[in-house]
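Me: Please show me the model. Then let's go through it by question and answer.

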There are 2 protein chains.
Amino acid sequence: MQPASTQDPILLASAQSLETNASAAPAIPDAVVERAATVRTRRGQSLALSYDGGAAAFVVRSGILALHVTLPEGLRQVVAILYPGDVVPSAFAPPHASAFLTAMSVGEVLRLRSKTFSELVATDSDVARYFQDAAARQAARQGIHLAAVGRFDCQQRVATYLTELALRIGVRAPGGGLTFEMPLSRTDLADYLGLNADTLSRTMSRLRASGLISFQDRQHAVVRDFVALAALTPAAQSLMALCGGKLSG
Amino acid sequence: MQPASTQDPILLASAQSLETNASAAPAIPDAVVERAATVRTRRGQSLALSYDGGAAAFVVRSGILALHVTLPEGLRQVVAILYPGDVVPSAFAPPHASAFLTAMSVGEVLRLRSKTFSELVATDSDVARYFQDAAARQAARQGIHLAAVGRFDCQQRVATYLTELALRIGVRAPGGGLTFEMPLSRTDLADYLGLNADTLSRTMSRLRASGLISFQDRQHAVVRDFVALAALTPAAQSLMALCGGKLSG
DNA sequence: TGTTGCGGTTGATCGATATCAAAGCGCAAA
DNA sequence: TTTGCGCTTTGATATCGATCAACCGCAACA
């Protein structure tokens with residue numbers, strides 16, 4: 001496979017078929033919904049990973065969440081961004097790392113006791129299949145993200161993030177391009193990408209200056225040239241496969 | 001069959017005894033073993049993630065493996081190091097990323113068709129529980145590792161890796177300290193830690209010069225002062241919880 | 001109305017790490 | 001043995017991103 005170029009037909013195809021590719025997460029099994037408490041989130045709300053002192057498991061129904069960890073010395077890292085369909089048993093979070101979930105938008109999250117969820121996975125084959133799918137999707141995304149943090153330069157990381165968001169939640173803007181709401185604050189995004197917030201801001205400004213993106217306000221981005229943006233990230237193809245289910249051809 | 005650590009089943013961290021190894025991987029369910037092909041690995045051997053053109057799932061029985069990905073522009077990243085008990089369905093690997101498994105030591109790996117494994121998880125509650133445990137352990141480790149790559153400086157990353165290895169496979173050396181075999185080459189380790197190989201080599205040399213570690217040869221490390229080494233990584237506590245007993249004092 | 005605080009942006013500077021280059025080492029094939 | 005090659009180490013230099021500091025916009029609030 002070739003690196004992405006601006007002429008890449010796959011990229012073009014994706015840019016043109018964005019309306020249809022809204023995320024392909026399978027429906028959450030009824031057995032899970034029935035046994036879960038529904039939590040309606042608002043932006044900024046944080047959810048403890050424990051629940052009456054016991055472990056909990058979360059399933060994202062809608063909206064976007066982030067899983068934060070803080071290690072000693074004040075090192076903060078956003079370990080994962082969670083989209084609808086994703087599953088987070090509290091055991092997924094590293095121990096002794098002050099882990100917590102934060103809602104980045106309004107949405108709904110299902111919460112169960114870990115034991116309940118675990119039993120469901122063990123006894124209900126639909127839930128088991130659902131869990132396997134979710135775990136695989138999330139692991140694959142984490143792999144890409146690790147490669148981005150470990151190997152990409154600043155601009156590539158930012159382009160990767162923007163490309164993923166555009167694919168996941170972008171909608172066609174009136175003047176052409178794709179609009180979406182930026183779920184993470186600049187600070188959280190820096191913690192996600194392994195960058196300094198100042199550096200991130202500079203990189204954003206450079207992308208804005210180059211005309212690839214623009215901002216209505218800090219939280220509303222417009223991708224003016226998706227193909228050029230995607231060409232900036234070495235992970236473009238992988239992102240298409242992960243986030244744009246309809247273009248696998 | 002087993003890695004070198006069988007000589008000393010109880011890990012000792014300097015003078016402090018570790019409690020029973022809470023993180024010891026549970027036994028692989030018989031149902032998995034019965035349906036799997038056993039692959040005996042030697043160091044350097046690579047295993048394709050597909051199997052007769054179909055997806056495969058792997059379960060590590062003994063030894064250590066690495067999951068490599070290569071993104072366009074030649075960016076290599078070791079996405080995970082796999083220890084006994086770990087599970088890797090090929091769907092865990094990012095798509096379009098030239099992913100493959102490489103054995104880093106002699107060992108045994110069970111290989112199944114993905115479909116077979118998936119059905120087992122869906123129908124056998126022991127397997128389902130096993131898979132959940134493995135997925136959680138691996139996700140938690142990945143979280144720590146992401147934080148290390150995203151937020152730690154060079155020395156902290158190396159100390160983190162060495163601490164984890166010492167906890168997992170270190171055995172007490174005659175002259176005091178903990179010995180273990182380094183499963184990754186310097187190049188692979190650099191790709192795992194998100195560092196340049198030159199920089200990694202320099203950092204190792206500095207640690208060696210400071211007396212914390214020494215090398216019999218490139219692949220045989222001796223941790224001379226585990227406590228001091230662990231003190232260099234902000235993730236020490238998390239690693240203790242994930243990889244072995246806990247620091248008692 | 002001013003004050004305070006927080007998050008974001010931008011500039012100037014510094015330093016850790018990447019890059020480039022050269023040499024040593026280990027190992028396998030010839 | 002020699003040859004060759006890949007991995008490792010080490011030195012010199014370059015550079016990207018972090019750090020420090022100032023300022024802005026905005027919201028909460030007295």
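This is a predicted model: local features need pLDDT of at least 70, side-chain atom pairs count only at pLDDT 80 or more; totals for chains, interfaces and linings use all residues.

Me: What is the order of the open sheet of four strands in chain B?
Reply: Strands here are DSSP runs (E, at least two residues; helices are H or I, at least four), numbered from the N terminus. Two strands pair if DSSP finds at least two bridges between them. Strand E4 (46-47) and strand E8 (75-82) of chain B are the edges, each pairing on one side only. With antiparallel pairing, the order is E4-E10-E7-E8.

Me: At what angle does helix H4 of chain A run to E8(B)?
Reply: Axes are lines fitted to C-alpha atoms, for helices over the stretch in contact, and angles run from 0 to 180 degrees between N-to-C directions. Helix H4 (residues 125-151) of chain A lies across strand E7 (65-71) and E8 of chain B. Its angle to E8(B) is about 125°.

Me: Which element gives the most to the side of chain A that touches chain B?
Reply: Contact means C-beta atoms, placed from the backbone, within 7 Å. The contact takes 45 residues from chain A and 42 residues from chain B. Among the elements of chain A that each supply at least two residues are strand E5 (65-71) and helix H9 (236-243). The top contributor, with 16 residues, is H4(A).

Me: How do helix H4 and helix H6 of chain B pack?
Reply: Helix H4 (residues 154-169) and helix H6 (residues 197-209) of chain B have axes 10 Å apart, at an angle of about 70°. Angles from 65 to 115 degrees count as roughly perpendicular, under 35 as roughly parallel, over 145 as roughly antiparallel, and the rest as oblique. So H4(B) to H6(B) is roughly perpendicular.

Me: What is the mean pLDDT of chain A?
Reply: pLDDT is the predictor's confidence in each residue, from 0 to 100. In chain A, 88% of residues reach 70 or more. The mean is 89.

Conventions. Residues are numbered from 1 along each chain as its sequence is written. Chains are lettered from A and ligands numbered from 1 in the order in which they are written. Two residues are in contact if their C-beta atoms, placed from the backbone, lie within 7 Å.
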